[in-house]
Amino acid sequence: MDKKFAVPRGTSDILPDRVLLWERLETAARRVLKSYGCREIRTPMYEETALFKRSLGQTSDIVNKQLLALAAAKEEGYALRPEGTAAVVRSYLENSFDKNELLSKFFYIGPMFRGERPQKGRLRQFHQIGVEAIGIDGASAFLDAEILALAMHLLEEFGVQGPKLKINSLGSREDKEHISAWLRAELGKYKSDLCENCRSRFEGNVFRVLDCKNEFCKKVVRAVMGGQKGLPLSESSLDYFKSVQNTLENLKINFEVSPYLVRGLDYYTHTVFEITAQGLGSQDAVGAGGRYDRLVHDLGGDGKTKFGGIGFALGIERIFLAAGDTAAPVQSLDVFVVATQAQDAFGLAQQLRRAGISADMGFSAASFKSQMNRANKLNARFALILGEEELKNKSAAVKNMQTSVQEIVALENIIEYLRKALS
Ligand code: HAM
C-alpha cells in the first residue's frame, strides 16, 4: 500500500472547529491592539538569512541552530522567519517610516518557524501575536510601561490565568559591552568547569550563562552576582529602569525584577521581560520581549538620529494551553436547500448567498430524510424544501429547524422572508 502522509513533525493542522477559536482570539487581539494605536503589518514568511544574522546575532541559538533555510533559494540565502522583529524593522526602514513618523506602532499575527526539537508548547511552526513600537519618540520609559501593559491586557482578554511578569535591564549598548567584559573576567575564573553550552557561549554571548539551567553554572552565577542586586548598570541606565518600574507601579501592574533574565537575542538593550503562565510545563513563557534601541542603526538607519524600539511577541499555541479548554463555537448555516434534483436547488442556493444568506445543498441524489439529516448536522437554522408540489407553485416550504414550524413561501418573496426570519 502507498505510504499515507502525515503532518510534518512539530507542526499541526488547525481543524475547522479550532479555527473558530483562533478567529475569536484574533478578533479580540485586533480590537485591543487598535485601541493602543497599533497598525497591522504583514511581512513575508521568509527574509534574507543575513538579516537574521545581523539582528538576532550570529551566536544566538535561533541563528546557530534553528534557522530553516530555503533549499530552492540557497544561493540567495533565504530562511523562514523565526520571529517578527527583524523583518518589521527592515520594512520600517525600507518604507521610510523613520523619515515620516515620530513613532510607529505595528502589530502582526502569523506563523514563525524554528528548527527546534518538538515537545509540548515547542513547535517548528508556531504562531505569534507581536507588537513593535519604533521611532525617534520611542526612547521613553512610558513606552516601556505602555507596551508591557498592552501585553498583560491581551493575556487578560484571552483568559490566561495568573500571568507572571518578570523584568530586567541589560543597560545600554555601552553598558552591555562593559558588563560582558566584567562577566568574562569574573565567570572566566570558573570557565573550565562551566557546562559545554556556557563554554561555547562565553565569547559570543556571555550573558546567556546567567540563565543557564545547569546546577553548577547556577552556583557560579550566584557566587559572581552574589553581592549585586542586578547587573552593574551605568547610573543613567539604572535611572531609566527605575522610571519603568515606577510607571508600572502607577499603572498597578504586578511585576518581579529578575536579575538573571537576559533573553537569547542580541538586539536587546535596557528593559527585557518574560511572561510566564501556569499549565505550560517546562516551556512556560507565554510571551517575551524587550527594548532594542540600536537595532534601527544596525539595520541601516540614520546614524545621527536616536531611535528607540520596544516590542514583544505572545505565542498563540501557548496562550491556548494556558487559557485551558473552552468549548469551540459552532458554525451555523442559515439555510439548507432540500430538493429532489440538485439542479432545482443550485440556482436558489447561489441567489441566497449573493443576498448575504449562508446556504448549502447536497449534490448527489438522496432521500428527503437524508437531506434533512444533513441540514441538522450542518446546524442549519432553516431547511428550504423544494418538492414537486412547491416547484409547480413556484414556492418553497420553509422549515424552522428549531421549532419544526413549516410555512409555504412564494419563491419571489423568499429572500425578504428569510432576512426577516434570520434577523
Ligand atoms: P521569543 O521569546 O523568541 O521572542 O518568542 C516569543 C514567544 O513566542 C515565546 O514566549 C513563546 O510564547 C513563543 N514561542 C517561541 N518559540 C516557540 C516555539 N518553538 N513553539 C511555540 N511557541 C514559541 C521573540 O520572538 C521576539 N521577536 C519578541 C520581541 C518582539 N522582542 C521585541 N519585539
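Helices (H or I, at least four residues) and strands (E, at least two) are DSSP runs, and they are numbered from the N terminus. The structure described here is a predicted model, so to speak of local features a pLDDT of at least 70 is needed, side-chain atom pairs count only at pLDDT 80 or more, and totals for chains, interfaces and linings use all residues. Residues are numbered from 1 along each chain as its sequence is written, and side-chain values use heavy atoms, with hydrogens and water left out.

The largest share of the shell around it, six residues, comes from β9. The elements giving two or more residues to that shell are β5 (125–135), β9 (285–291) and β10 (308–315). Of the 25 residues around the ligand, E83, E116, L123, E132 and Y268 come nearest; a residue is taken as near if one of its heavy atoms lies within 4 Å. Sorted by type, the shell holds 10 nonpolar, eight polar and seven charged residues. In this sorting, Ala, Val, Leu, Ile, Met, Phe, Trp, Tyr, Cys and Pro count as nonpolar, Asp, Glu, Lys and Arg as charged, and the others, Gly among them, as polar.

A ligand nitrogen is 2.9 Å from an N or O atom in the side chain of T85, and a ligand oxygen is 2.9 Å from an N or O atom in the side chain of R114. Another pairing involves the backbone: a nitrogen atom of the ligand is 3.5 Å from a polar backbone atom of G311. On its own the ligand has 660 Å² of accessible area, and the protein covers 95% of that (Shrake-Rupley method, 1.4 Å probe; for residues, only the protein chains shown count as cover).

G311 also turns up in the sheet, as the bridge partner in β10 of G290. Five bridges join β9 to β10, and these strands run antiparallel; two strands pair if DSSP finds at least two bridges between them. Both belong to an open sheet of eight strands with mixed pairing, in the order β1-β4-β5-β10-β9-β8-β6-β7. At the edges sit β1 (39–40) and β7, each pairing on one side only.

Now for β8 (residues 269–276), the strand that holds T271. T271 is buried, at 1% relative accessible area (buried means under 20%, exposed over 50%, partly exposed in between, with a 1.4 Å probe and protein chains only). Its side chain makes a polar contact of 2.7 Å with the side chain of D144. A polar contact is a pair of N or O atoms within 3.5 Å; within protein, one must be able to donate a hydrogen and the other to accept it, and residues adjacent in sequence count only if both atoms are side-chain atoms.

Strand β11 (residues 333–339) is another story: seven of its seven residues are buried, so the strand is largely enclosed by the rest of the structure. Six bridges join β11 to β13 (residues 380–386) in parallel, and three join β11 to β12 (residues 359–361), also in parallel. V337 stands opposite L384 in β13 and opposite M361 in β12.

K252, with phi near 60 degrees, is exposed at 73% relative accessible area, whereas R263, at about 70 degrees, counts as buried at 15%.
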